[in-house]
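User: Hey, can you walk me through a few spots in this one? I'll jump around a bit.

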Amino acid sequence: MADNLTRRIIRAHLVSGSMIAGEEISLHIDQTLTQDATGTMAYLQFESMGIDRVKTELSVSYIDHSCLQVGFRNADDHRFLQTVAAKYGIICSRPGNGICHQLHMERFGIPGKTLLGSDSHTPTGGALAMLAMGAGGLDIALAMGGQPFHVKMPKVVNVRLSGELKHYVASKDIILELLRRFSVKGGVGKVFEFSGSGVETLTVPQRATICNMGAELGLTASVFPADEQTRRFLRAQGRENCFHEEKTGEGFEYDEFVDIDLSSLEPMVAQPHMPDRVVPVTELSGMKVDQVWIGSCTNGNYHDFVQVAKILKGHHVAPNVSLSMSVASRQVLRMLAKEGWLADIIDAGARLLELTCGPCGGAGQSPCSGAISVRTNNRNFEGRSGTKDAQVYLVSPETATMTAIKGTLSTAEEFSDLLAGYREPERYHVDDSMFLTPAPEGNDVEVIKGPNIKGLPPFDTLPDSITGEVVIKVEDNISTDHIIPALPDIVVFRSNIPAISEYVFSGIDAGFAKRCKEKQGGFVVAGKNYGQGSSREHAALGPKYLGIKAVIAKSFARIHSQNLANFGILPLEFKEENDYERIEQGDVLELDGLLDAIDSNTIVLKNLSKKENYVLVHHLSEYQIRSIKAGSVLKLAANQN
């Protein structure tokens, strides 16, 4: 049987390795994207490589996360990003232009290309038949420098869609159904490739919602075919010349299959505090709600907001509900305004926010104490909204809108006929004036760094023996938000590792950073799926600065495990999961003979406090082992040059 689309893209970009599931491969990267919460560090790392210009076909720096300029730090970082982009050949998207994933889909995505982004929701690009993957900023810096991206060859799962969605059921409900079936760990080491007659009924923006939240499944990527829907979208963007057909499904070989009848789906909701705690909305119907937020990179497109405006027209937000909206791009906002949809939204009592990620990461619109907040973004981890005791529920825009009108969790079934008949615009409004093109020659451009922008911490080579205390022990499903919260007063230190390290685990254990300094570092012990969520490498750099030598867990999320290895922290796993229960915070642990033990993958952890030994394993590639031994990927690259 012939290669599926994912394997075809991988084969066309393969630099090294065998295309056997689980084996490490390295891929040539065509395009990169960064956003400001991760990009500042990525470009500091790129600068340290001493390369004159980026070597990718296209690299774009988006400013979309921390656009509220309270104090000098965010504004200084934005100035740094603009000048560093001009110098090194990178397009810069200015604050107010929109959210990176929506913008990249509108203006730059090309079927069959590889895209690497320093944001875990970069797989949104799969809506345009790209192999789009999230990674840490250091991986992006290396890709911009012409280095291949190292990743384990994924299994490819064919998700076969049949039927057609009811008019009040959304593509968000498709991905929520997948999360219900497979959990936040069910996609690790896999790519979901979509096919079937149901795919033909989904517009590119609807597909983007599914690809975006594939990150919550732990997927490496999600991929749709490039078909007539793709051609129609690119033509409407004035980019039909980028189109070429890419088929999926029947006639191609896959590792696994999943079937979904779209006509059988109903509106779904993810309950606090995990995106996979999914049930039908009808099970919670009537639950009183305090806040509704519609938007984000998941559901901020033109299709979503037209459906929202249709429901809101002639209605008003319930007195007990605060309704806010964040459109994902200037293009979408301009069209909504010109066509009158925006007036319907404003008349209904909605509050319009800036075109940024905003509330998704707690940057504004935090709910009141103990609130029920219904949102259309992709994550509902505890405290991520900015309010520790808030309960965040994830739904489609249609469900969120009806909920805002009624004041209780509700589906939009009664508006089914009104929602029928949506058609993709024949022409989107195109205005690229907020994209800044780089200087033809960067030699004369001064990169401006404010006082908050600091250099990288030192990366020492791996010693043969490590002894230290368990500085913290945490449970399953610890996210990077738990490790370093994404709240505005913390994210402002994204380019200052000494400052941001003070907040490591601050939401779980306020004394962690102080204890690390007193103990001169040590170990983190964790449960399953450690490091899920955002790709922010600060969740590795902060612990590294505090002296954490190894994280010992039941299992790791892909991107965070790679970030740990990139910065010389050992990601080790219990061979027997029950050994996790035997270790306590404060125990003194020892790893001896490490340099040989890592090579042979026979690692013995000594608990000196309890006089016990445990067997550990790792899932590191040869490249990652060499990086850890060198102290970081940057040092490894420097040693090879």
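User: Is A129 buried or exposed?
Analyst: A129 counts as buried because its relative accessibility is 0%; buried means under 20% relative accessible area, exposed over 50%, and partly exposed in between (1.4 Å probe, protein chains only). Keep in mind that this is a predicted model, where local features need pLDDT of at least 70, side-chain atom pairs count only at pLDDT 80 or more, and totals for chains, interfaces and linings use all residues. Residues are numbered from 1 along each chain as its sequence is written, and side-chain values use heavy atoms, with hydrogens and water left out.

User: Where does A129 sit, and what is its phi?
Analyst: A129 is in the loop between β6 (114–117) and β7 (131–134). Its phi is near 65°, a positive value in a residue other than glycine. Helices (H or I, at least four residues) and strands (E, at least two) are DSSP runs, numbered from the N terminus.

User: What about Q365, what's its phi?
Analyst: Q365 has a positive phi of about 60°, and it is not a glycine. Q365 lies in the loop between β17 (351–352) and β18 (372–375). With 18% relative accessibility, Q365 counts as buried.

User: Which peptide bond is cis?
Analyst: The one from P272 to H273, with omega near -5°. H273 belongs to the loop between β13 (268–270) and β14 (278–280). For background, most peptide bonds are trans.

User: New topic: what does Q237 contact?
Analyst: Leaving aside neighbours within four places in sequence, Q237 is in contact (heavy atoms within 4.5 Å) with E106, R107, Q331, R427, Y428 and V430. The side chains of Q237 and Q331 are joined by a polar contact of 2.8 Å. A polar contact is a pair of N or O atoms within 3.5 Å; within protein, one must be able to donate a hydrogen and the other to accept it, and residues adjacent in sequence count only if both atoms are side-chain atoms.

User: And is Q237 buried or exposed?
Analyst: Q237 counts as buried, because its relative accessibility is 1%. It lies in the loop between α8 (228–236) and β12 (256–261).

User: How many residues of α7 are buried?
Analyst: Ten of the ten residues in α7 (204–213) are buried, so the helix is mostly covered. Among them are R207, I210 and M213.

User: Switching to the sheet with β1, what's the strand order?
Analyst: The order is β1-β2-β8, three strands in an open sheet with antiparallel pairing. The edge strands are β1 (14–16) and β8 (149–152), each pairing on one side only. From one strand to the next, the twist averages 45°. Two strands pair if DSSP finds at least two bridges between them.

User: Which helix packs on the sheet?
Analyst: Helix α1 (residues 5–13) does, touching β1 and β2, and its direction makes about 55° with that of β1. Axes here are lines fitted to C-alpha atoms, for helices over the stretch in contact, and angles run from 0 to 180 degrees between N-to-C directions.

User: How many bridges join β2 to β8?
Analyst: Four, with the strands running antiparallel; L27 stands opposite F149 in β8. Two bridges join β1 to β2 (residues 24–27), and S26 in β2 is the bridge partner of S16.
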